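Me: I would like to learn how to read the packing of a protein model, going from one residue to the elements around it. Could you take me through an example?

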Amino acid sequence: MEEKKKKPIGFNIIKNAPTDGHKGFGIGALSLENVSPVIIDVEAGEAVVDVGAMHARSVVEKGIKFLKEKEEVPNGKPYWLVWVTIDRKPEGAYYAGVTACEMTVDRSIRRGYKSLPEHVNKMDKSMKRHIMVDHMDDKSKKLLADFLINHDESIWNNSTDQLKNDLLG
């Protein structure tokens, strides 16, 4: 049985950096300035950064054939892929773009649902500093808010009222 790897806590920000000798996945693969994919496991109540999601290769997505119709995966476990863009302003760093995409996965049949165009469009919207989280369920909003606050409270405090209100009501 595979040993469970310790989950990294911080954001893995891919930022115009050469591989500097490190051959790990996601390092120097693509420079999408300051964007991090956060996967929310709704049932487990967990949120983690998974850079693999940049290329649809997150732990959740591996080994799953994704279908275009949600109804084709009736027992899918709910997840959110949230694109988080961090930017700077005179007061310091802030969560500038936060956009959420729905995804479901049924491991037993190795099938899942997601809209690839939505995932690409939402990543683009995040990079363009949009906040799009109002379609998330309340539990997931709270999980995301807690994750962002725990990651760096000063970044959260510098963020827009829209983000705080959309996530915490």
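Reply: Let us start from a single residue in this predicted model. When neighbours within four places in sequence are set aside, L144 is in contact with I40, V82, V98, V133, M136 and L167.

Me: Which residues of the largest nonpolar core touch the most other members?

Reply: The general idea is that in soluble globular proteins nonpolar side chains tend to be buried together. Here the largest nonpolar core has 39 residues, and those touching the most other members are I40, V82, Y95, L144 and L148. At least two residues of this core come from each of β1 (35-41), β2 (46-49), β4 (77-89) and β5 (92-106) among the strands, and likewise from each of the helices α2 (138-151), α3 (153-158) and α4 (161-168).

Me: How should I read the packing of two helices, and at what angle do the axes of α2 and α4 cross?

Reply: Two packed helices are described by the angle between their axes and the distance between the axes. In this model the axes of α2 and α4 come within 8 Å, crossing at roughly 135 degrees, and that angle makes α2 oblique to α4. On the α2 side the contact is made by K141, K142, L144, A145 and L148, while α4 contributes L163, D166, L167 and L168. The residues of this contact comprise six nonpolar and three charged ones, with no polar residue.

Me: Turning to the strands, how many residues of β1 are buried?

Reply: In a regular strand the side chains alternate between the two faces of the sheet. For β1, seven of the seven residues are buried, so this strand is largely enclosed by the rest of the structure. Both of its faces are covered, with V35, P37, I39 and D41 buried on one side and S36, V38 and I40 buried on the other.

Me: Which strands does β1 pair with?

Reply: Strand β1 runs antiparallel to β4, to which seven bridges join it, and V35 has T85 as its bridge partner in β4. With β2, strand β1 also pairs in the antiparallel sense, over four bridges, and I39 stands opposite V48 of β2. The hairpin of β1 and β2 has four residues between the strands, and G45 in this hairpin takes a positive phi near 70 degrees.

Me: Is S126 buried or exposed?

Reply: S126, which is found in helix α1 (residues 116-127), counts as buried because its relative accessibility is 0%, the cut-off for buried being under 20%. Not counting residues up to four places away in sequence, S126 touches W83, V84, T85, G97, V98 and T99.

Notes
Residues numbered from 1 in each chain as written. Predicted model: local features only at pLDDT ≥ 70, side-chain atom pairs only at ≥ 80, totals over all residues. Heavy atoms only, no water. Core = buried A, V, L, I, M, F, W, Y, C linked by side-chain atoms within 4.5 Å. Buried < 20%, exposed > 50% of the residue type's maximum accessible area, 1.4 Å probe, protein only. Contact = heavy atoms within 4.5 Å. Axes fitted to C-alpha atoms, helices over the stretch in contact; angles between N-to-C directions. Parallel < 35°, antiparallel > 145°, perpendicular 65-115°, else oblique. Nonpolar A, V, L, I, M, F, W, Y, C, P; charged D, E, K, R; others polar. Pairing = 2+ DSSP bridges.
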